[in-house]
Amino acid sequence: MSTRPRSYNTEGVILRRRNLGEADSIFTVFSPTEGKFDAIARAVRKPKSRMRGHLEPLTRSQMHLAHGRNLDVFTQAETIAAYLAVRDDLDRLTLAIYCCELVDRFTADRAAQSELYDLLVDLLEALDAGASPTVARYFELRVLANTGYEIRLSHCAICDGPIAEEDTLFSVASGGLVCGGCRSRGGSGRLISVRAIKAMRFAANATMGQFAGLRLEAELEAELQRVLGEAIRSVLERETNSGRYVEALAVPLRPPVHESPGDVQ
Ligand SMILES: [Zn+2]
């Protein structure tokens with residue numbers, strides 16, 4: 001037998017829950033030190049459970065767990081931040097759930113990624129403080145960069161040459177922007193506008209707060225949402241096919257369209 005301790009403490013954000021049996025739930029947690037993991041909370045759906053309320057999707061909690069034979073078991077949980085303002089706003093709630101889903105899809109089990117954790121906490125705090133939905137675009141770019149899929153924006157992803165100030169091919173397969181001379185070799189992609197390129201370059205060097213302060217026109221916001229949504233889907237499909245991620249895409253990932261909350265499921 002190993003000599004590892006029988007229990008441990010960690011903080012984490014609850015990415016999702018699924019119910020098990022009459023009163024148990026399995027929670028997927030993203031922790032700065034443990035990475036992503038599933039653990040079981042016994043009897044958490046009973047009204048008298050002391051952990052009830054401290055283990056909810058989107059909640060950031062301090063938790064104590066015991067190693068189990070298959071899944072670890074929560075023995076205590078205490079809320080650090082519940083992000084109540086996010087829960088009260090359907091648009092922000094949808095974005096927060098989407099970003100948690102991105103973290104879930106882009107991470108493997110038990111691989112600590114503290115930068116990605118900080119990014120997720122920053123996002124939840126920004127949304128809770130009323131930041132514009134544009135922060136989700138920042139989050140998408142940073143998730144890609146943090147998990148090894150940084151989008152090349154400064155120079156041509158193929159020849160490393162300069163990018164002219166014009167509509168430019170954006171090819172996920174090539175790794176980013178593709179200059180006019182390389183366009184025929186750039187594979188599939190879409191032409192994106194100069195202002196979308198500038199916004200993404202700004203995001204690459206800005207803090208989340210700085211990016212959230214930008215007032216983007218609706219058309220530009222929609223373009224960024226389309227471009228980054230496609231990039232995310234394309235990476236996930238490729239990686240799912242190659243087996244890099246354990247979980248297959250159960251449903252096609254769609255970035256939420258925050259202009260029309262009627263679409264939200
Ligand atoms: Zn080129």
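1. Of the 265 residues in the protein chain, 35% count as buried, a residue being buried if 20 or more other C-beta atoms, placed from the backbone, lie within 10 Å of its own. This is a predicted model, in which local features need pLDDT of at least 70 and side-chain atom pairs count only at pLDDT 80 or more, while totals for chains, interfaces and linings use all residues. Residues are numbered from 1 along each chain as its sequence is written.

2. The protein chain has seven helices and eight strands, taken as DSSP runs numbered from the N terminus (helices: H or I, at least four residues; strands: E, at least two). Among contacts in the protein chain with a separation of 6 or more, 55% are between residues 24 or more positions apart; two residues are in contact if their C-beta atoms, placed from the backbone, lie within 7 Å.

3. Strand β2 (residues 24–31) and strand β3 (residues 35–41) run antiparallel and are joined by seven bridges, where pairing of two strands requires that DSSP finds at least two bridges between them. The two strands, β2 and β3, form a hairpin with three residues between them, and T28 has D38 of β3 as its bridge partner.

4. On β3 there is also a pairing with strand β5 (residues 72–81), which runs parallel to β3 and is joined to it by two bridges. Here the bridge partner of A39 is D72 in β5.

5. Helix α2 (residues 90–105) and helix α3 (residues 114–128) have axes that come within 10 Å and cross at roughly 175 degrees, the axes being lines fitted to C-alpha atoms over the stretch in contact and the angles running from 0 to 180 degrees between N-to-C directions. The helices α2 and α3 are therefore roughly antiparallel to each other, a term that applies to angles over 145 degrees. Their contact is made by R92, L95, A96, C99 and V103 of α2 together with L116, L120, L123, L124 and L127 of α3. By class, the contact of α2 with α3 has nine nonpolar residues, no polar ones and one charged (nonpolar: Ala, Val, Leu, Ile, Met, Phe, Trp, Tyr, Cys and Pro; charged: Asp, Glu, Lys and Arg; polar: the others, Gly among them).

6. Helix α3 also packs against helix α4 (residues 135–146), at an angle of about 175 degrees and with the axes 11 Å apart, and α3 and α4 are therefore roughly antiparallel to each other. From α3 the contact involves E115, L116, L119, L123, A126 and L127, and from α4 it involves V135, F139, R142 and N146. By class, the contact of α3 with α4 has seven nonpolar, one polar and two charged residues.

Notes:
Parallel < 35°, antiparallel > 145°, perpendicular 65-115°, else oblique. Buried ≥ 20, exposed ≤ 12 C-beta atoms within 10 Å, placed from the backbone.
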